[in-house]
Amino acid sequence: MPRIDPADIGKVLTVGEVAARSGVAVSALHFYESKGLIHSHRNSGNQRRYTRDVLRRVAIIKVAQRVGVPLGAIHEALQALPEKRTPTVADWSRLSACWHGELTDRIEQLTRLRDQLDDCIGCGCLSVTACPLRNPLDELSDQGPGAHFRPG
């Protein structure tokens with residue numbers, strides 16, 4: 001676990017301060033930390049302390065989640081950032097470029113789903129053999145029982 005530089009003493013935030021400044025619940029911050037998305041340091045009383053760069057990281061996480069980027073992909077992208085440096089505009093450009101193709105694919109898939117949704121009124125996704133959205137002609141039967149969403 002990284003140590004706090006003595007020059008940074010007084011520049012650290014408590015978990016409550018990070019929650020208040022970021023608009024994210026304390027439990028969410030703990031969850032992000034458990035997943036390696038953000039990092040804290042422990043003081044002598046074993047309380048979490050965050051450097052100010054965590055506010056930018058939390059903002060990146062929330063924006064990415066809002067546009068539908070999975071936490072696993074966010075984690076991978078954040079691993080490329082230096083831990084002690086606040087992410088920059090250039091960092092954000094690199095991160096968003098990584099997600100652009102995946103988001104474009106997802107938008108296209110959702111557009112197709114939206115355009116085919118009228119066909120579901122009669123089916124109700126109960127027809128394993130006829131549903132054009134879930135499993136046309138039971139082509140996904142090799143993936144096991146139950147409904148499977150057909151990508152693309």
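This is a predicted model: local features need pLDDT of at least 70, side-chain atom pairs count only at pLDDT 80 or more; totals for chains, interfaces and linings use all residues.
Apart from residues up to four places away in sequence, V15 touches V26, L29, H30, R48 and Y50.

One of these contacts, R48, is 33 residues from V15 in sequence, yet the two C-alpha atoms are 6.3 Å apart in space.

## E33 and R48

R48 also takes part in a polar contact, in which its side chain is joined to that of E33 at 2.9 Å. E33 is located in helix α2, which covers residues 26-34.

When neighbours within four places in sequence are left aside, the contacts of E33 are I38, H39, S40, R48 and Y50.

## T51, between β3 and α3

T51 sits in the loop that runs between β3 (48-50) and α3. T51 counts as buried because its relative accessibility is 19%, against a cut-off of under 20%.

The side chain of T51 forms a polar contact of 2.2 Å with the side chain of D53. Residues up to four places away in sequence not being counted, T51 touches V12 and H41.

In soluble globular proteins, nonpolar side chains tend to be buried together. Here the largest nonpolar core contains 25 residues, and L29, I38, I74, L78 and W99 are those with the most contacts inside it. Two or more residues are given to this core by each of α1 (15-22), α2, α3, α4 and α5 (89-116). Helix α3 supplies the largest share, six residues.

I38, one of the residues with the most contacts inside the core, is in contact with L29, Y32, E33, Y50, V54, R57, V58 and I61, neighbours within four places in sequence being left aside. This list includes L29, another of the residues with the most contacts in the core.

## Packing of α3 against α4

Helix α3 (residues 53-66) packs with helix α4 (residues 71-78) at an angle of about 140 degrees, and their axes are 10 Å apart. The crossing of the two helices is right-handed.

On the α3 side the contact is made by R57, I60, I61, A64 and Q65, and on the α4 side by L71, I74 and L78. By class, these are six nonpolar residues, one polar and one charged. I74 and L78 of α4 are also among the residues with the most contacts inside the largest nonpolar core. R57 and I61 of α3 are both in contact with I38.

Notes:
Residues are numbered from 1 along each chain as its sequence is written. Side-chain values use heavy atoms; hydrogens and water are left out. Axes are lines fitted to C-alpha atoms, for helices over the stretch in contact, and angles run from 0 to 180 degrees between N-to-C directions. Helices (H or I, at least four residues) and strands (E, at least two) are DSSP runs, numbered from the N terminus. A crossing is left-handed if the near helix is turned anticlockwise from the far one by less than a right angle, and right-handed if clockwise. Contact means heavy atoms within 4.5 Å. Ala, Val, Leu, Ile, Met, Phe, Trp, Tyr, Cys and Pro count as nonpolar, Asp, Glu, Lys and Arg as charged, and the others, Gly among them, as polar. A polar contact is a pair of N or O atoms within 3.5 Å; within protein, one must be able to donate a hydrogen and the other to accept it, and residues adjacent in sequence count only if both atoms are side-chain atoms. A nonpolar core is a set of buried Ala, Val, Leu, Ile, Met, Phe, Trp, Tyr and Cys residues joined through side-chain atoms within 4.5 Å. Buried means under 20% relative accessible area, exposed over 50%, partly exposed in between (1.4 Å probe, protein chains only).
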